[in-house]
Amino acid sequence: MTNSIAEVEDAECIFVIGSNTTSSHPLVATRIFRAKEKGAKLIVADPREVHIAKLADLHVQHNLGTDVALLNGIMHVILERNWHDRSFIEERTEGFDDFKRVIDRYPPDKVAEITGVSPEDILRIAEYYASAGTASILYCMGITQHTTGVDNVKSLANLAMLTGNVGKESTGVNPLRGQNNVQGACDMGGLPNVYPGYQPVNMLDSQKKFESAWNATLSDRVGLTIPDMLSGLMDGSLKALYVIGENPLMSDPDSHHVEKALKGAELLVVQDIFMTPTAELAHVVLPGASFAEKDGTFTNTERRVLRVRKAIEPVGESRTDWEIIQDISNRLGYAMDYDGPEEIMKEIAAVTPSYGGISYDRLEGPGLQWPCPDPEHPGTKFLHKDGFARGKGLFHAIEYQEPAEVVDEEYPLWMTTGRVHVHYHTGTMTRNSPSLHAEMPEGYLEMNHRDAARLGICQGDLVSVTSRRGTINVKTQITERVREGVVFMPFHFVESSANVLTNPAYDPVVKIPEYKVCAVRVEKAA
Amino acid sequence: MDYRTVPTTCTYCGCGCNFFLEVLDGRIIGTIPSKSGPANQGKLCIKGWHVHQFVQSPERLTRPLLRKNGNLSEVSWDEALDYTASRLKEITSAHGSDSAGFFASAKLTNEENYLIQKFARAAVGTNNVDHCARL
């Protein structure tokens, strides 16, 4: 997030797009409730009528994968009505003219045809967002899990810059990150192209810096992303895969393909706390420890580094994950001798500029938000106050592109996937939690009542859902949350795993899969 | 009777809610939201209130497993770690460092993620390290 969670409640306008906030980030949703109480306007753009949409001053259900068109249409209206922030654009940004030429091609009539959102609603969104003193954008995987994920995010950045809604309190472009420490895993260099603190592996200065810090020779070749590693297993260029705390067999798109890839590994090591479907394919399974059994830190979606503290001993013979890695490293001949997580954090602070001022002593209490470059620095509540990291904020001229798979005669329904309030991801933790499992013991397919009537399907009927990748059976929930022609499935349930169906088409830049759009056929199960 | 409350951070979504785990004689018996948690201010969602349940599930993995004759069998830590290290060494010696890949994890701590990527880069010699951020 460019801004902080607490700032959301003081925004005059909140634009939620592609986020089922009450289910997936309930404690951010609380701030939206408070903002509403204080008089904020709430806009929700989501193909489903998610719960937060019921509170909205305006909810639009745009067609799946048409976010760029919708946002360009909103910006078209803002420019046409002169609601943009001229001084912010002049002083803080560049690329405006090229951007404007593209936006000119998205008048509301044309956008309405692409998105299914009326020109009147596009005008209202533009008016609410642009006329607010402070407007905050909240988005989640509904924006990013597309072949145009990067374009979608850049379009949101365009919208914020166009109206000067960045670099000040209660504004910003705010991704709600789905996992407790996905921010931290990125910050720590759990990515193929960067060392900790986003220092590029193919830049000589950073390579030299880490070679000296780690006393090792390092590769300057950018590594493989997860989809590329799976392809590598298929074509034999990758032989060994070591998976920690992840369940790709269920979480990655097109499960049948993933299973083939994993089975092709000469060595598959899975380090986890439960026997996941991925672990069942492994050559070695190493029992790690849960968050309650270790000390350390997580970094939340607002860049806040927070302490994790050990409450109990690791169960059975399981061990903390850092100790397991250290032991294997020593066996490979690269010595590691940390006496605990605090010592590792000292090394992190020494090599990671944005974490330079972070130490366990300073994390007693509410934690610290990076950038926190030195021990006296108080941390950073919101980013880009006096300038962007690259200097001027760059407008990107972005054209709308269709999703990779569109409906046709054989697969006539659009399918999208997401979370529910009581479950989490592949269900490894929540389905092993009796209270949560009892709330929702099985998966379901949301279908509009008109589609159901046409197909002769009643509430609770078992249906088979087929895409080009596979078929699953699941019970039907007939609803008006989705519009006619669209179905939705949560992806937590191994018995009816949505990712058997999803399309492994990726954003060309960041390789995020298009989980949010594929084409399916639904039939009453035999 | 030994009763303690341990302040910590939730392991589910990215909100970063703080709570106390209630520990009685070495077992976690409950979760209490922290009023001073900057994200949650004394509240929790349904997942947060029950976060202690999965930790002590009887389904937890408690011993290392190694595939022998097609089946995963319980082995000692030394055997599992020796096997992992020697196979990693064999494979990367024969096919180069980039023949191995590592998934870091959004579930692990910063310190553990730091160590995984350091291990992949410095000990194995590859930048093939990624995690579910793009998923």
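**Note on a predicted two-chain model**

1. Start with Asn69 of chain B. With 5 C-beta neighbours inside 10 Å, Asn69(B) counts as exposed, because the cut-off for exposed is 12 or fewer. Asn69(B) sits in the loop between β4 (65-68) and β5 (71-74) of chain B. Its phi is near 50°, a positive value in a residue other than glycine. Please keep in mind that this is a predicted model.

2. Asn215(A) has phi of about 55° and is not a glycine. The loop that holds Asn215(A) runs between α11 (204-214) and α12 (226-235) of chain A. Asn215(A) has 10 C-beta neighbours inside 10 Å and therefore counts as exposed.

3. One peptide bond deserves a look. Trp370(A) and Pro371(A) are joined in cis, with omega about 0°. Pro371(A) belongs to the loop between β14 (368-369) and β15 (393-394) of chain A.

4. Now the domains. Chain A is split into domain 1 (5-176), domain 2 (182-369) and domain 3 (413-524). The centres of domain 1 and domain 2 of chain A are 34 Å apart, taken over C-alpha atoms. Chain B is split into domain 1 (3-55), domain 2 (62-95) and domain 3 (97-135). For domain 1 and domain 2 of chain B, the separation of centres over C-alpha atoms is 35 Å.

5. Which residues touch the most other members of the largest nonpolar core? They are Ile14(A), Ile43(A), Ile74(A), Tyr129(A) and Leu156(A). This core holds 160 residues. Helix α3 (residues 67-80) of chain A gives the most to it, with eight residues.

6. Neighbours within four places in sequence are left aside here. Tyr129(A) is then in contact with Cys13(A), Phe15(A), Ile43(A), Ile74(A), Ala135(A) and Thr163(A).

7. Helix α3(A) packs against helix α6 (residues 108-115) of chain A. Their axes come within 9 Å and cross at roughly 160°. Angles over 145 degrees count as roughly antiparallel, so that is the relation of α3(A) to α6(A). The crossing is left-handed. On the α3(A) side, the meeting residues are Ala69(A), Leu70(A), Asn72(A), Gly73(A), His76(A) and Val77(A). On the α6(A) side they are Pro108(A), Val111(A), Ile114(A) and Thr115(A).

8. Helix α3(A) also packs with helix α9 (residues 149-162) of chain A. Here the axes come within 9 Å and cross at roughly 15°. α3(A) and α9(A) are therefore roughly parallel. This crossing is left-handed. From α3(A), the contact uses Asp67(A), Val68(A), Leu71(A), Asn72(A), Ile74(A), Met75(A) and Ile78(A). From α9(A), it uses Asp151(A), Asn152(A), Ser155(A), Leu156(A), Asn158(A), Leu159(A) and Leu162(A). Asn72(A) takes part in the contact with α9(A), and Asn72(A) also meets α6(A).

9. How do the two chains meet through helices? One pair is helix α15 (residues 321-331) of chain A and helix α4 (residues 110-124) of chain B. They pack at an angle of about 15°, with their axes 9 Å apart. α15(A) and α4(B) are therefore roughly parallel to each other. α15(A) passes α4(B) in a left-handed crossing. Chain A brings Asp321(A), Trp322(A), Ile325(A), Gln326(A) and Ser329(A). Chain B brings Glu111(B), Glu112(B), Leu115(B), Ile116(B), Phe119(B) and Ala123(B).

10. Is Val102(A) exposed, partly exposed or buried? Val102(A) is partly exposed, with 18 other C-beta atoms within 10 Å. It lies in helix α5 (residues 96-103) of chain A. Beyond four places in sequence, Val102(A) touches Ala397(A), Ile398(A) and Glu399(A). Val102(A) and Gly365(A) are 263 residues apart in sequence and 48 Å apart in space, C-alpha to C-alpha.

11. Last, Arg450(A). This residue is in helix α18 (residues 449-455) of chain A. Arg450(A) has 13 C-beta neighbours inside 10 Å and counts as partly exposed. From Arg450(A) to Glu91(A) is 359 residues in sequence and 52 Å in space, C-alpha to C-alpha.

Technical notes
Residues are numbered from 1 along each chain as its sequence is written. Chains are lettered from A and ligands numbered from 1 in the order in which they are written. This is a predicted model: local features need pLDDT of at least 70, side-chain atom pairs count only at pLDDT 80 or more; totals for chains, interfaces and linings use all residues. Domain bounds come from an automatic or database domain assignment. A nonpolar core is a set of buried Ala, Val, Leu, Ile, Met, Phe, Trp, Tyr and Cys residues joined through C-beta atoms within 7 Å. A residue is buried if 20 or more other C-beta atoms lie within 10 Å of its own, exposed if 12 or fewer, and partly exposed in between; C-beta atoms are placed from the backbone. Helices (H or I, at least four residues) and strands (E, at least two) are DSSP runs, numbered from the N terminus. Two residues are in contact if their C-beta atoms, placed from the backbone, lie within 7 Å. Axes are lines fitted to C-alpha atoms, for helices over the stretch in contact, and angles run from 0 to 180 degrees between N-to-C directions. Angles under 35 degrees count as roughly parallel, over 145 as roughly antiparallel, 65 to 115 as roughly perpendicular and the rest as oblique. A crossing is left-handed if the near helix is turned anticlockwise from the far one by less than a right angle, and right-handed if clockwise.
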